[in-house]
Amino acid sequence: MTRIHLKKRFVLLLSIAGVLLFISLLAPLLVPNDPYKNNARVIRTAPSQQYIMGTDNYGRCVFSRVLMGARTSIGATLILVSLTFVVGTFIGLLCGYYGGLLDNLIMRLIDILLSVPQMVLAIAVAGILGGGMINAMIALGFTSWILYARLAKSQTLSIKQEEYIYAAKLGGHSGLYIMLIHILPNIAGPLLVNATIQIGTILIGFAGLSFLGLGVQVPQAEWGSMISESRAYIQLAPWAVMAPGAAVVLTTLLFNYLGDTARDLLEVKG
Amino acid sequence: MKRYVIKRLLHLIPILLGVSVLTFGLLYIGPGDPAMQCLTSNGVVVSEEILTVTRQEMGLDKPFFVQYGTWLFNLSHGDMGISFKDGTAVAQKLKEAFVYTLLLSSVSIGLSITIAVPVGVFVAIRKGHAVDNVIRMISFVGNSMPNFLICILLMYFLCIRYKYFPIIAQNSIQGLILPTLSLTIPMCSRLLRQVRAEMLEQLSKDYITNARVRGVRETYILFFNALRNALPGIITIIGLSIGGLLGGSVVIENIFRWPGIGKLVMEAIVSRDYPVIQGFVIVTALMYVVINLLIDISYRYLDPRIDD
C-alpha cells in the first residue's frame, strides 16, 4: 500500500463521513414521512414505494426514523468524543508537563476507573442516574477521557525534553502557552487518530445503552432504541430491525475504517 | 517472581479501596434520597415520620465517612447490604447469579481463543491471499457490530427463520449456544486481528529467517518460535477484551433471559435497587482486577526479559 493510495482512500472516507454528517444534520428536511406520526392503517407494512424501509409497529416510516436517528446517534457521539478529547488531552498535557502531585492523583484515579470495565461502569452510572441522552453521555464520558489523557501524557513527557521547549521556557513563556502552542500541535496526530477510532466504540456504546433503555427515551428516534423496540415483532417485520441495525454497522464500519486509514497514514502504533 | 506477585497484590489494596469509594459514591449521584427509594420500591406510602425512621435504620443520618466505614466493614465480611426490593441479602443474590455469568463468560473466552489463535496463525502465513482478505473482512465487520445486533440476527435466522434452536431454552446446553456465540463473535474478531498482527511481526524478524536457514521444520518455527514470542501481545489483548465481554454480557443476558448478574443488575436498575447495582459493580471489578493480575503475572512468566 503506497502512501498516495492511503491518502486517496483517506480523503474518500473522510468525504463519505462528511456527507453522512451533512445528511444527519439536515435529517428533518430530508425525511420523506413524519418519523413520529402513528398510522394505524399501515402497521408493519413491507418496504414499498412510499415507505422504502417499511413501517414499524405504530405505522411509522422506518426510513424517516433511521434518518432522524442518525441525527441523535451520530450527533451525540461526535459531541461526546470531542468533549472527552478536549478534556482528556488537557488533563494529559497538565500531567505530562507539570508532573508531581496532580499527575500522581490523576494517574491513581485512572487506575481505579480502569479496574471496572468501561461498559459495566457506564451501565451502572446510567442506571442510577436514570435514562436520558444527557445521562447516557455522562455515563460514557465518565471513563472515555482516559484514553486521551494517558496518550497525551506519554507524548508530552517525550516532547518535554526537546530543545525548543527549553528555548521557549527561556524565552519566558508561561506553561499554558508552551503546552498549547508548542506541545499540542506536535502530539495532535496520534490523539486525533485515536479519537477517530473511538467514534465507533462510543456509537456502539450509545446504541447499547439505548437498547437497554438507558439512553434516549421513547418515542425519540435513535438506532439502539429502534432495534430494541422492534425486536419483539421481528418475525412480523424484520425490516424494522434490519434498517437501524444496518445503519449502526455501516456507520461504525465507516469510522473504524477511517480511523485505521488515518493510523496507517500517520504511522501511529496501537 | 514471588516478589513481583506480592508487590502486585499490595498494589491492589489502594485500587480496590478506590473502587469501593467509587461504588459507594454511586449511591450519592442518584436522584433523590436512598431512604425514599427504598420505601417507594417497597410500595410504602411515604410520610415524614417513616422517612426519618428509615433514614436512621439505614444509617443515612450519620456523616459520610461513618456510613462509608460501616459499609466497607460489612463488605469486607461479604455483606453487601440488603436488596431494597425484597429484603434478601445482596451477596446471596449475586452469588447465585454469578455462577451463570462465570459459566457464560468462560465458555465464550475459551471458544474465542480456540478459534482466533489457529485461524490468526493460519491467515498470517497466508498473508495477502484470498483467504486472508476474506477472513480479515469478516473480522473487521464482526468488530464493528454491536453485540446485541449479532444476538438478534442469530436469533432471527437460527431460531425464527430456520428453527435450529428454541428461542427460550433456559439453563440447558442448548440455551448456552446462542448467548455464547453472541459474545464470541466480537471478541474473536478482535483477537484474530491481534493474533495476525503479532504473528506477522514475529515472522518478519531475523531469528525466524535464521531458523529457516538452519532447516528447522516450518511447523516448529510457527508454533514454537513465532507463536511463543507472540503470546505476550496476544494475552494482553485477551485481558482487554474481557472487559468488553463483561460489559457485553449484561446486554446478552437480558436478551436471552440468562439468569446471570447482568440480568440481575438490569432488574435492579428498573426497580432502583441501589445495593444490587453497587454489588454488581464490586463483583465485576473484582473479577476484572483478578483476571488482569493473572494476565500480568503470566506476562512476566512468558517474557522473563521484563524484570521487576
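**Notebook: helix packing and the A–B contact**

I began with a pair of helices in chain A of this predicted model, and found that H3(A) passes H6(A) in a right-handed crossing (the near helix is turned clockwise from the far one by less than a right angle). Helices here are DSSP runs of H or I, at least four residues, numbered from the N terminus. H3(A) covers residues 62-98 and H6(A) residues 133-159; they pack at about 35° with axes 6 Å apart (axes are lines fitted to C-alpha atoms over the stretch in contact, and angles run from 0 to 180 degrees between N-to-C directions). I sorted the residues of this contact into 20 nonpolar, eight polar and two charged (Ala, Val, Leu, Ile, Met, Phe, Trp, Tyr, Cys and Pro are nonpolar, Asp, Glu, Lys and Arg charged, the others, Gly among them, polar).

Next I turned to chain B. The axes of H7(B) (147-161) and H10(B) (218-256) come within 9 Å and cross at roughly 30°, so the two helices are roughly parallel (angles under 35 degrees). This crossing is right-handed. From H7(B) I noted Asn147(B), Phe148(B) and Cys151(B), and from H10(B) Gly248(B), Val251(B), Ile252(B) and Ile255(B) (contact: C-beta atoms, placed from the backbone, within 7 Å).

Last, I looked where the chains meet: 34 residues from chain A and 37 from chain B take part. H5(A) gives the largest share of chain A's side, nine residues. I class that side as 21 nonpolar, 10 polar and three charged residues.

A note on conventions: residues are numbered from 1 along each chain as its sequence is written, and chains are lettered from A in the order written. Local features need pLDDT of at least 70, side-chain atom pairs count only at pLDDT 80 or more, and totals for chains, interfaces and linings use all residues.

Terms used
Contact = placed C-beta atoms within 7 Å. Parallel < 35°, antiparallel > 145°, perpendicular 65-115°, else oblique.
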